[in-house]
Amino acid sequence: MRRLVGVALLLAALAPAAVHAADEADPPKRVQWSFDGLFGTFDLPAARRGLQVYLDSCGTCHSLRFVAYRNLLEIGLTGDEAKAIAASHEVRDGPDETGAYFMRPAGLADRFVPPFANEQAARFANGGAYPPDLSLMYKARLRGADYVYSLLTGYGDPSPDVEFAPGMNYNRYFPGRQIAMPQPLLDGMVQYADGTPATVDQMARDVLQFLAWAAEPYLPVRHRMGLGVLVYLLLLTGLLYAVKRAVWRDQH
Ligand code: HEC
């Protein structure tokens, strides 16, 4: 009997959570990423397309502080291409010999120039919400690549009974299903140099290749090393086993 009461109490305690779950987010879609798994590596043409998506869309609101323009050579840009991207942004430099600070075009050694001078300016331009830095964003969330991909492709019309705070957008993958970020990708928004059709889905996948690389540029190296260590340990085990057999052959 006491047990029954206990169960009833437990159910009563869980009930509000179950109701609440109705406006919780959907679980992210599952995507096969080239960078997942032991042999995972980046799709560099896709990462280059993703850079274009970042520059045309995300980069107007989100910073990417840990990446320098010269790092773009690692995904296959030429020095001139990377320089041109850098030079289209300005950085503050100085002091010069008169002690003054001045603006100059960014160069290869500079980090990606943030779109806003500070957090206040970023919030002011985004209705009070803060677009977080994207350098480590996808690693900061559980199943990050799946989550960010789902978020970018998860906009749509809510059921009519949903009440909206002003300036919010419906997104079924964001906790609470309302997000301050307006839909950042629209079909055909960028013109890919390699002729790939720029659908929302394609751009979302491409920008995730770029962001995954930005967050962990040495992932393929780490994977190769891990694999090397595994092979080494296997060979060593075999060798030790053979030695053991040879040493103990006549002992019993
Ligand atoms: C017009 C400005 C704007 C653009 C363009 C934009 N974002 Fe955002 N983004 C925001 C704001 C504002 C937030 C904070 C949303 C909130 O807290 O409700 C945000 C939040 C996010 C988040 C965090 C979600 C979370 O779980 O906290 C990610 C990831 C993100 N954006 C990725 C992107 C990517 C990738 C692009 C480019 C394809 C992009 N954004 C383009 C304004 C923008």
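**Around the ligand**

Author: Happy to! An oxygen atom of the ligand lies 2.8 Å from an N or O atom in the side chain of Arg-141. Keep in mind that this is a predicted model.

Reader: Thanks. And how far is an N or O atom in the side chain of Tyr-147 from an oxygen atom of the ligand?

Author: That distance is 2.5 Å. Tyr-147 is also listed with the closest residues, together with Cys-58, Cys-61, His-62 and Met-181.

Reader: How many residues surround the ligand in total?

Author: There are 25 of them. Sorted by class, the shell has 20 nonpolar, four polar and one charged residues.

Reader: Which helix gives the most to that shell?

Author: Helix 6, residues 144-152, with four residues.

Reader: And where does the ligand sit?

Author: In the largest pocket.

Reader: Let's talk about His-62. What does its side chain do with the ligand?

Author: A polar atom in the His-62 side chain is 2.8 Å from a nitrogen atom of the ligand. The His-62 side chain also reaches the backbone oxygen of Pro-132, at 2.6 Å.

Reader: Is His-62 buried or exposed?

Author: Buried: its relative accessibility is 9%, and the cut-off for buried is under 20%. His-62 belongs to the loop between helix 2 (44-56) and helix 3 (79-87).

Reader: Switching topic: what about the backbone? Which peptide bond is cis?

Author: The one from Gly-94 to Pro-95 is cis, with omega near 0 degrees. Pro-95 is in the loop that runs between strand 1 (90-93) and strand 2 (102-105).

Reader: Good to know. What is phi like at Arg-177?

Author: Phi there is near 65 degrees, which is a positive value in a residue other than glycine. You'll find Arg-177 in the loop between strand 3 (169-170) and strand 4 (178-179).

Reader: Buried or exposed, that Arg-177?

Author: Arg-177 is buried, with a relative accessible area of 15%.

Reader: Last one, helix 7. Why would you call it largely enclosed?

Author: Because 13 of its 16 residues are buried, helix 7 is largely enclosed by the rest of the structure.

Definitions and conventions: Residues are numbered from 1 along each chain as its sequence is written. This is a predicted model: local features need pLDDT of at least 70, side-chain atom pairs count only at pLDDT 80 or more; totals for chains, interfaces and linings use all residues. Side-chain values use heavy atoms; hydrogens and water are left out. A residue is near a molecule or strand if one of its heavy atoms lies within 4 Å of it. A polar contact is a pair of N or O atoms within 3.5 Å; within protein, one must be able to donate a hydrogen and the other to accept it, and residues adjacent in sequence count only if both atoms are side-chain atoms. On a 1 Å grid over the protein atoms alone, a cavity is a set of points where a 1.4 Å probe fits but cannot get out, and a pocket is an open set with protein on both sides within 12 Å along at least five of seven lines; lining residues have an atom within 4 Å of a point. A molecule sits in a cavity or pocket if more than half of its atoms lie within 2 Å of its grid points. Helices (H or I, at least four residues) and strands (E, at least two) are DSSP runs, numbered from the N terminus. Ala, Val, Leu, Ile, Met, Phe, Trp, Tyr, Cys and Pro count as nonpolar, Asp, Glu, Lys and Arg as charged, and the others, Gly among them, as polar. Buried means under 20% relative accessible area, exposed over 50%, partly exposed in between (1.4 Å probe, protein chains only).
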